[in-house]
Amino acid sequence: MQTSPLSPALVRQARDQALAWLAAHAQFCDPHLGATPQEYLFRRKCFNELAMLLMVGERLCMPPTGDWLRLRGHVARQIDDRFLALAARRNGTLLMFTSALGLAVQQGWLDDERSAWVRRLLCSRYAWGIDGGPFRHLELLTACHYAGAPAPVDVEVVLRTSALAHAPSPIHASQDALFALTHAEYYRTLLDHDFAGADPYLPTALSGAMARCLAGRDLDLGLELVETACLRGLPLGAEAQELLMLTLPALVQQGWLSPDAPTWVARDFAAACPEQAAWAQRFHLTLVAATCCMSLLAPAAPALPAHDAGQLRNARQLGAALLGLHQYKFESALAALGKLAPLSPPHAQLLDDIREFIVFSQRRDGHFGHFVDELRRAGISSDDAPAIERLFAGVDQACLGFLAQPACTPATAVRAPTRSPDSHAQH
């Protein structure tokens, strides 16, 4: 075991650099600026994210640095009568305004009349009278909580139907399903709700999802998952350590982070405002990194992960396998599982999950994988046995070879101190 290169000093530097960059570019997050929908909708989305950053930072005892106060002042100045009118214009876009509305009332930025108007808006049929799942309801509940408005649904009931209560599979889950998990924990934290119904599988789901993000270089989702583990008070493993080492030193060095490829909303904005393309591409990931650092530095945060070469190698191999199976690439996925070091409990569970996925994927004819579209594209009919044999040969060999290996047993797993999956940091 070596000493981790991660340290509170590095995390603090990264947080401060991110906040400095966000403060220096806050003028671009102007909800009233823009000539086209591609421009003004993106700016409004970014503005609401700044408001949520302030909410999270306050909840996690962020010290009032100069850049923090500048961001706070910028958000406060924009929430005027025009902003309230935008929020009341169309309920389909209300989620672009909820964090800022709740924060404005909670911080006393609005007078009594306007605060009462916001409360009436947030708890009305206007806000709640359309279909919405846990993700939307938790965001509205948080806004109501901050504004002191009576919500028409119960927090506990909504959380019981959220991804916190039904943790997504690191193999099967889409990116959106994993984002639903991270946001459910953000809102639970902001609501200050002690939810006892968390899925016991949650630590494994987070570990596997982080490893999958590591394999796919999905740093946005990866950092949100690290923050989710922090907010729940769960130990951080090798996959969290690697994700942080991929991002925090770069953030300290350059002051911002950028994904490998811009999101479609950032691309649309850049097409409308090419001179601000760099800001648009860097904004969200830099903000996510800032909130992640805040969670790592919070008073009740778990310890930073220690460097362990064997566990790090396991995380990379398991991540490549999980991502490959998610993409239905059986051969390359299972080839990634070379000789594993002694397994931590989450990694042992992930290996068992992979085994279960392979067994589940076996067809009645003995082949592995439900390659319906692949057969169709290859022009192979369901009764063309020789062609099917050729198509499945490599997949079958990889799956049978994997299943022939001994399953993980307690003797091959390294015991690590863990906390109850229902525990979380109190801030």
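**Close-up 1. Contact of α11 with α18.** Thr204, Ser207 and Gly208 of α11 meet Pro346, His347, Gln349, Leu350 and Asp353 of α18, where contact means heavy atoms within 4.5 Å and helices (H or I, at least four residues) are DSSP runs numbered from the N terminus. By class, the residues of this contact divide into 2 nonpolar, 5 polar and 1 charged; Ala, Val, Leu, Ile, Met, Phe, Trp, Tyr, Cys and Pro count as nonpolar, Asp, Glu, Lys and Arg as charged, and the others, Gly among them, as polar. This is a predicted model, in which local features need pLDDT of at least 70 and side-chain atom pairs count only at pLDDT 80 or more, while totals for chains, interfaces and linings use all residues. Residues are numbered from 1 along each chain as its sequence is written, and side-chain values use heavy atoms, with hydrogens and water left out. The axes of α11 (residues 202-216) and α18 (residues 345-360) come within 9 Å and cross at roughly 80°, the axes being lines fitted to C-alpha atoms over the stretch in contact, with angles that run from 0 to 180 degrees between N-to-C directions. The two helices α11 and α18 are therefore roughly perpendicular to each other, a term for angles of 65 to 115 degrees.

**Close-up 2. Contact of α11 with α16.** The axes of α11 and α16 (residues 309-326) come within 7 Å and cross at roughly 85°, and α11 and α16 are therefore roughly perpendicular to each other. On the α11 side, Gly208, Ala211, Arg212, Leu214, Ala215 and Gly216 meet Ala315, Arg316, Gly319, Ala320, Leu322, Leu323 and His326 of α16. This contact has 7 nonpolar, 4 polar and 2 charged residues.

**Close-up 3. The largest pocket.** About 1500 Å³ of space lies in the largest pocket, a pocket being, on a 1 Å grid over the protein atoms alone, an open set of points with protein on both sides within 12 Å along at least five of seven lines, and lining residues having an atom within 4 Å of a point. A volume is the space filled by probe spheres set on the points, which are joined across faces, edges and corners. Of the 48 residues that line the pocket, Lys45, Glu49, Asp220, Val265 and His284 are the closest to its centre. Helix α2 gives the largest share of this lining, 11 residues, and by class the lining has 26 nonpolar, 10 polar and 12 charged residues.

**Close-up 4. The second largest cavity.** The second largest cavity has a volume of about 30 Å³, a cavity being a set of points where a 1.4 Å probe fits but cannot get out. Val56, Leu60, Tyr186, Thr189, Leu190, Glu227 and Leu231 line this cavity, and α10 gives the most to the lining, with 3 residues. The lining divides into 5 nonpolar, 1 polar and 1 charged.

Close-up 5. Phenylalanine 269 lies in α14 and tryptophan 279 in α15, so the pair ties together parts that are 10 residues apart in sequence.

Definitions and conventions. Angles under 35 degrees count as roughly parallel, over 145 as roughly antiparallel, 65 to 115 as roughly perpendicular and the rest as oblique.
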